[in-house]
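The following questions and answers concern a single protein chain. Please consult the sequence and the structure while reading them.

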Amino acid sequence: MHTEKIFTISISTGLYTDFVKQIVDLTDDAFSSYVCFANVHMTMEAYHDPDFSKVVNNADIVTPDGRPLSLFLKLFKGIQQDRICGMDLFPDILREAEKRGKSVYFYGNTPEVLEKIVGRIRMDFPSLAVAGTCSPPFRTLSLSEKDDVIREIGDAAPDLIFVSLGCPRQENWMAEHKGKFRGCMLGLGQAFNVFARLESRSPRWMQKYALDWLYRLYLNPGRLWKRYIVTNSQFLYLTLRHSLSRKQKISAVEELPGT
C-alpha cells in the first residue's frame with residue numbers, strides 16, 4: 001500500500017475497499033501486525049514526540065482517519081483520498097472477518113462496552129467467532145499482569161485484536177505487544193462506544209466538513225476542550241506554514257534562469 005508523508009508520519013493511501021481487504025489479509029501471516037487510525041490528535045502527538053512518531057510509522061497500515069488528513073493529501077499531494085475512518089471500517093472488518101472464518105478479540109474500554117459489543121456481534125454477525133474480551137484497569141499494569149494479558153491473548157489465538165485505550169496509549173500498547181502473540185491489532189478508541197451504541201456519531205454534514213471534533217467537544221467539553229483547541233490550532237498552523245513554504249519553493253524554481 002502506497003504511503004504519503006504528513007509532517008512526521010506516513011499515511012497509507014488507497015480505496016476504502018482496499019483497506020478492508022488488506023487489514024484482514026494481515027491475519028493470513030503468522031506474525032503480529034498493527035494498524036493505526038490517524039487523526040489530527042495523533043498527528044500532533046507524533047509531531048511533538050519522536051518516539052511516538054516511530055510507533056505510528058512502524059505500523060503496518062496507517063489510515064487517514066481524520067477528514068483534515070484526507071484534505072491535506074488532496075491539497076498538497078494531489079491525491080483524491082477518501083477519509084478512511086475507524087468507525088466506518090469497524091463493522092466492515094467484522095463482516096469480512098466473519099466471511100473468512102476469522103476470530104476476534106476485544107481489549108480495553110469498560111466491561112459494559114465490551115458486553116454491548118459482543119451482544120451486537122451475536123445479532124449482526126452470528127457466525128463470527130469471538131475469542132475473548134479483556135477490560136484492564138485504567139493504570140499501569142504490573143509485570144505479572146502484563147504477562148497474564150500476553151498469555152491470555154496468546155492462548156485465545158485471535159486473528160484480529162481490537163484495542164480501545166485512547167491515543168497514544170493504545171498505539172504504544174500495540175507497538176509494545178507486536179511479536180508477543182499472533183494477530184493483527186487495531187487501535188480503534190472511541191469506535192468501541194459508537195459500535196456499542198452507547199455514543200452517537202456526528203451528523204453526516206459535520207463529517208463532510210471535518211467538524212467531527214466540534215460534535216465530540218459539544219458532547220464532552222470538560223475532557224476534550226484543551227485537546228481540540230490546542231491540537232487543531234497546531235495542525236492548522238503547520239498546514240499554513242507548509243503551504244507558504246511550498247509556494248516559496250515553487251516561486252524560487254520559476255525564477256531560475258531557463259525556467
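Q: Which residues have the most contacts inside the largest nonpolar core?
A: In this predicted model, the largest nonpolar core has 37 residues. Those with the most contacts inside this core are Ile11, Tyr107, Val163, Trp173 and Met185.

Q: Which residues does Tyr107 touch, not counting residues up to four places away in sequence?
A: Contact here requires heavy atoms within 4.5 Å. With residues up to four places away in sequence not counted, Tyr107 touches Cys134, Pro136, Leu141, Val149, Phe162, Val163, Ser164, Leu165, Trp173 and Phe192.

Q: Does Glu4 count as buried or exposed?
A: Glu4 is found in strand β1, residues 3-6. Beyond four places in sequence, Glu4 touches Ile9, Ser10, Ile11, Thr13, Leu73, Lys77 and Ile79. Buried means under 20% relative accessible area. Because its relative accessibility is 19%, Glu4 counts as buried.

Q: What polar contact joins the side chains of Glu4 and His2?
A: A polar contact requires N or O atoms within 3.5 Å. The side chains of Glu4 and His2 are joined by such a contact of 2.9 Å.

Q: What is the accessible area of the nonpolar surface patch formed by Trp225, Ile229 and Val230 together?
A: Trp225 lies in helix α12, residues 221-254. Trp225 counts as partly exposed because its relative accessibility is 48%. Together with Ile229 and Val230, Trp225 forms a nonpolar patch on the surface, with an accessible area of about 290 Å².

Notes. Residues numbered from 1 in each chain as written. Predicted model: local features only at pLDDT ≥ 70, side-chain atom pairs only at ≥ 80, totals over all residues. Heavy atoms only, no water. Patch = residues over 30% accessible without salt bridge, like charges linked within 9 Å, V, L, I, M, F, W, Y side chains within 5 Å. Areas by Shrake-Rupley, 256 points an atom, 1.4 Å probe, with all protein chains shown as cover. Salt bridge = Lys/Arg side-chain N within 4 Å of Asp/Glu carboxyl O. Helix = DSSP H or I, 4+ residues; strand = E, 2+ residues; numbered from the N terminus. Buried < 20%, exposed > 50% of the residue type's maximum accessible area, 1.4 Å probe, protein only. Polar contact = N/O pair within 3.5 Å; in protein donor to acceptor, adjacent residues only side chain to side chain. Core = buried A, V, L, I, M, F, W, Y, C linked by side-chain atoms within 4.5 Å.
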